[in-house]
Amino acid sequence: MGYQFDFSMVIKILPVLWRGVIVTVELTVACLAVGLILGFFVALLRVSPAAPLRFVGRAFVEIFRNIPALIQLIWFFYAFPIVIGAQLSPFVAAVLGISLNTAAFSAEIYRSGIQSIERGQWEGAMAIGMSRAATFRRVVLPQVFRRMLPAFTNRAVEVAKVTSLASVLSVHELMYQGRVLSSTFYRPLEILTTVGLVYLVMIYPMTWASAAMERRMRRRA
Amino acid sequence: MSDTPTPEAGAPILRSVGLRKSFGSLDVLKGIDLDVKRGDRIAIIGGSGSGKSTLLRCLNFMECPTGGQVILDGERIGDARVAKDGSETITYRERDLMAVRKRVGMVFQQFNLFPHMSTVENVMEGLVTVLRRPKAEARERAAQELARVGLGDKLDVYPGRLSGGQQQRVAIARALAMDPEVLLFDEPTSSLDPELVGEVLRTILSLAEDGRTMLLVTHELGFAYRFATHVIYLSDGVVHETGTAEEVFRNPQRDKTRAFIARSSEFSL
């Protein structure tokens, strides 16, 4: 391979990549926040005693988890505006698509967490006169958060990666900047490699934290 | 039978009348009548599958009975509805059951402590969430209860760091903190290593000295004899024999009871 590597322009493009990093972080935080909150309520539907509510929760999860995230993004940008009669900004469409996808996955994390709490915990609390709601809030949920922290961290890693799909809607995040720069400088090898490394630097700490938490929990168990 | 509260001393604090419980087609309790007076200590004994745990769990509605009634201090629990054919169904509202459970405490075989709370937080939880006591007061009360069960030096320790016997004593303190009028023990030593049973039994006996009203389901017949004022021998979902501890253990009237007590090696005093 007679290719002449030239990483000299990487210094020049760093400010642009940095702007992309900022948008990627914004996307990740927004999608995680919306996804985790919405997912929590979907999980409540999933474990509800009322069958119709369970069905709604189940339908939500299956729809948004089984349709590829890329399709959801594109759908919210190009198709959803026809339904609501208003154009969404690329950023909002991306947040919507990724958040709903995240909500579906995190709803399943919450659900399995809630169902993993032993019946004895409910009984222990109810035997001192606590309501089901108080038991859920004071006894079950805190343990779900603890037990599911590694799974939620994994989800955060996935969301950070999935935000790169927003580049197809021209959201100016890291992947988008990388593509624009590589066609501007005709240096896809150097630039896209750099972009990949930037993702690695951003995401690896989260993966590491998740694995460390899992190890710690296994030791404690 | 009267359903109005009778203030006279010696009136039962807790009664069951024709209590039934089925799980699907399996009839576990087939009509249990029970009278618990203040200060009574009742041991419920019987083989596995006799329904003794289920009976206990119906008394504080960890399970809802499928028939019959529970009467707490003269008050019928649940809303009875009489159908056109004269049959009666009782529905239970969570609010009513919560009120019962405040007054009828329970200690479980598996302790059921909250692992994310320290021992003192475990004991405070009911005082704060249910009885709405201020935190400082609740903590003080919880510390007293823990001291009473011999764990005054373990307030800020998490249950995971305690032995099974210590965990069960925390669970007893948690139940005591609510000042229950009746305390139910569901096989409190069955999941303990043999060397840890003694400390829990001693704690329970110390409550007997305070005149607490208690019901105990146990396999430890020797302990049941020392603990109980009255004994109920359940077999196949019915009360097969009942009497004072002396009567049932020393002079059982029915063959099945006699056989049950004789085959237990624990019953050696």
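Student: Which residue follows α6(B), and what is its phi?
Tutor: This is a predicted model, in which local features need pLDDT of at least 70 and side-chain atom pairs count only at pLDDT 80 or more, while totals for chains, interfaces and linings use all residues. Residues are numbered from 1 along each chain as its sequence is written, and chains are lettered from A and ligands numbered from 1 in the order in which they are written. Helices (H or I, at least four residues) and strands (E, at least two) are DSSP runs, numbered from the N terminus. After α6(B) comes Gly211(B), with a positive phi near 80°.

Student: What distance separates the end C-alpha atoms of helix α6 of chain B?
Tutor: The expected span of a helix is 1.5 Å times one less than its number of residues. Helix α6 of chain B has 16 residues (194–209) and should therefore span 22 Å, and the distance in the model agrees: 24 Å.

Student: What is the phi of Ser170(A), and how many other C-beta atoms lie within 10 Å?
Tutor: Ser170(A) sits in the loop between α6 (132–162) and α7 (174–185) of chain A. Its phi is positive, near 60°, in a residue other than glycine. Ser170(A) is partly exposed, and the number of other C-beta atoms within 10 Å is 14.

Student: In what order do the four strands of the open sheet in chain B run, and which strands are at the edges?
Tutor: Two strands pair if DSSP finds at least two bridges between them. The order is β2-β1-β4-β5 in chain B, with antiparallel pairing. Pairing on one side only marks the edge strands, β2 (26–37) and β5 (75–76) of chain B.

Student: How many bridges join β1 to β2(B), and what is the partner of Ser22(B)?
Tutor: Strand β1 (residues 12–23) of chain B runs antiparallel to β2(B), and nine bridges join them. In β2(B), the bridge partner of Ser22(B) is Asp27(B).

Student: How many helices does chain A have, and what percentage of its residues are buried?
Tutor: Chain A has eight helices and zero strands. Its C-alpha trace spans about 75 × 50 × 30 Å along the principal axes. Of the 221 residues in chain A, the buried share is 35%.

Student: Which element of chain A gives the largest share of the side that touches chain B?
Tutor: The contact takes 17 residues from chain A and 21 residues from chain B. On the side of chain A, α5 (119–126) and α6 each supply at least two residues. The largest share, seven residues, comes from α6(A).

Student: Which residues does Ala125(A) contact, leaving aside neighbours within four places in sequence?
Tutor: Ala125(A) belongs to helix α5 of chain A. It is buried, with 25 other C-beta atoms within 10 Å. The contacts are Met130(A), Thr135(A) and Val139(A).

Student: What ipTM does the predictor give the complex?
Tutor: pLDDT is the predictor's confidence in each residue, from 0 to 100. Chain B averages 91, and 94% of the residues score at least 70, although pLDDT stays under 50 over residues 1–7 of chain B. For the complex, the predictor gives a pTM of 0.86 and an ipTM of 0.90.

Notes. A residue is buried if 20 or more other C-beta atoms lie within 10 Å of its own, exposed if 12 or fewer, and partly exposed in between; C-beta atoms are placed from the backbone. Two residues are in contact if their C-beta atoms, placed from the backbone, lie within 7 Å.
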